[in-house]
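I open this notebook to keep track of what I looked up, element by element, in a model that I had on screen.

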Amino acid sequence: MAIAPFVRLIRAGFVLAREGVFAIVPVEDAPASARFAIRVVRLIERPSAQKRDLAARLSLALDRLGPSYVKLGQFLATRADVVGEEVANELAKLQDQVPPVPDEAARAEVEAALGRPVDALFADFGTCVAAASIAQVYRATIDDTHGKRIVAVKVLRPGVARRFEKDLEAYYAAARFLERYVRPARRLRPIAVVDTLAESVRFEMDFRLEAAAISEMAENTKDDPRFRVPRVEWSRTARSVLTMEWIEGIKMSRVAELREAGFDLPELGQHVIQTFLRHAMRDGFFHADMHQGNLFVEPDGTLVAVDFGITGRLPRNERAALAEILYGFIVRDYHRVARAHFRAGYVPADQDVDLFAQALRAVGEPIRDVTAADISMARLLTQLFEITELFHMVTQPQLIMLQKTMVVVEGVARSLDPHLDMWRAAEPVVRDWMTSELGPAGTVRKAQESFGAVVRAALQAPDLAERVDRLSKDLENALESGLPLSPNSVSQIATTVAPTRLRAVALWIGALSLAAIALGIWT
């Protein structure tokens, strides 16, 4: 067994203990040995740590542990179902500013990735203008047959991939310990959480994939009013280098500058909400890190989104289900909504459909008793996460990402207009989407898709019949000779089958979050 991951965990544990993070751990129901261990560990807390709230202690500790742990904290900020809404909100504030590596090292990385000297690739290559946990950004100039233009060059920090791989080993060691010895943590699937983090980080560290995400978003939004993404310079992009158009707009985090420039801030807030919902519902592909620092406003009011390292997807079948669930909430038929979830397998079959309908009513009815401006997306999601635990529903990280991004977008919009009614702002987008999904056009499209599926099945019938025949013979032979299954095989089968039943259980959370938007459309 490797010792290094545990050494890293011990170091991380020491920092967490010094910053008072272990005060977050609930010990009421823990075994006596665990309660004793927590008390001993807390003896080394800094006195100053006790003056900070619990969530702030965690974000500060992760910041001190370095870039890998900052990225872990930012990832957990998208998993309010795991860490809770209060902690998730605090982690979302983590600053991703780290000391840059020397410019010489970054230039060497560019030359190695693109296979040419920096001076041959760029007419000018400046110093670092921003540094984050994974990459740092340079302002450069290109002068070629397409003309002279300013670009942003995003460079992977040398050695960062190796550092993340080592820290991931420590995360996996901690996750395995939690799943084995901490029974309440098993429902949160800590190993699956680390799996998702590992996949996300590896995606972020391949800048070709980010460039592809920017390109796809550009195609989806080419006709959208007042929204665009930077143009990618593909000839100067590789796995560890991404070159794209330099954006001169005002960062949305600089609210005072936006006001001084004469922008209508309430209208700009509405535009942010409508843009996100249009991408998520119409295209099923959205920017999943849409905070103020990743949004720029150009002089003509065009919104420009950058940093597509984290994106989310919502397949068409799930968007269609979302439309049906929304309709059920609009007409206040909670049993209809509940039955739809059970038919789709979103809720475990051993749960009670009437109790589930009652829980949905408990969330849906209060929305009608207050004004839309008084409804907080964050508070609504907190209720929904509590219900998922009550009904043993295992959430899917990709759908949690949708919900968390909705909360972030709400925060961005209300930073521009504290009195913004996000539901009213989103109404036109939601109306168009529901019409396309539930109206005549949606019915025709679904009929065409069903007919196409029938045709494909008919064309595959001969091959299917042959496979069924072979399978029946194999089963007959197996029944005669026996078909042993090891415990590991059973575990693998369960792992494969479970996501089929649970892959969209978090969809209803997104549906409920959007339900309040749609209430004003049909009522």
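**Entry 1: ground rules**

I am working with a predicted model, in which local features need pLDDT of at least 70 and side-chain atom pairs count only at pLDDT 80 or more, while totals for chains, interfaces and linings use all residues. I number residues from 1 along each chain as its sequence is written, and side-chain values use heavy atoms, with hydrogens and water left out. Helices (H or I, at least four residues) and strands (E, at least two) are DSSP runs, numbered from the N terminus.

**Entry 2: α4 against α9**

I looked up how helix α4 (residues 67-76) lies on helix α9 (residues 160-181), and found an angle of about 60° with the axes 10 Å apart. Axes here are lines fitted to C-alpha atoms, for helices over the stretch in contact, and angles run from 0 to 180 degrees between N-to-C directions. The pair α4 and α9 is therefore oblique, on a scale where angles under 35 degrees count as roughly parallel, over 145 as roughly antiparallel, 65 to 115 as roughly perpendicular and the rest as oblique. I noted the crossing of α4 and α9 as right-handed, that is, with the near helix turned clockwise from the far one by less than a right angle. On the α4 side the contact (heavy atoms within 4.5 Å) is made by P67, S68, Y69, K71 and L72, and on the α9 side by R163, F164, D167 and Y171. By class, the residues of this contact of α4 with α9 are five nonpolar, one polar and three charged, where Ala, Val, Leu, Ile, Met, Phe, Trp, Tyr, Cys and Pro count as nonpolar, Asp, Glu, Lys and Arg as charged, and the others, Gly among them, as polar.

I then turned to helix α10 (residues 190-204), whose axis and that of α4 come within 11 Å and cross at roughly 115°. That makes α4 roughly perpendicular to α10, and the crossing is again listed as right-handed. The residues that meet are K71, L72, F75 and L76 of α4 and V193, T196, L197, V201 and E204 of α10, a contact with six nonpolar, one polar and two charged residues.

For α9 and α10, the axes come within 8 Å and cross at roughly 165°, which makes α9 roughly antiparallel to α10. In this contact, residues of α9 including F164, L168, Y171 and Y172 meet residues of α10 including I191, V194, L197 and V201. The contact of α9 with α10 divides into twelve nonpolar, no polar and five charged residues.

**Entry 3: the sheet from β1 to β5**

What order do the four strands of the antiparallel open sheet take? I read it as β1-β2-β3-β5, with pairing defined by at least two DSSP bridges between two strands. The edge strands are β1 (124-131) and β5 (241-245), each pairing on one side only, and neighbouring strands are turned by 30° against each other on average, direction ignored. A hairpin of three residues joins β1 to β2, and these two strands share five bridges, with A131 having Q136 in β2 as its bridge partner. Between β2 and β3 there are ten bridges and a hairpin through two residues, and A135 stands opposite L156 in β3. Strand β3 (residues 147-156) is joined to β5 by five bridges, and V153 has T243 in β5 as its bridge partner. Across β2 (135-144), β3 and β5 lies helix α11 (residues 207-220), running at about 25° to β5.

**Entry 4: the mixed sheet**

I found a further open sheet of four strands, in the order β4-β9-β8-β6 and with mixed pairing. Its edges are β4 and β6 (250-251), each with a single partner strand, so one side of each has no neighbour in the sheet. Two bridges join β6 to β8 (residues 295-297) in the antiparallel sense, and K251 stands opposite F296 in β8. Helix α13 (residues 265-283) packs on this sheet, touching β4, β8 and β9 (303-305), and its direction makes about 50° with that of β9.

**Entry 5: S240**

Leaving aside neighbours within four places in sequence, S240 is in contact with E109, A113, K154, V155, L156 and F207.
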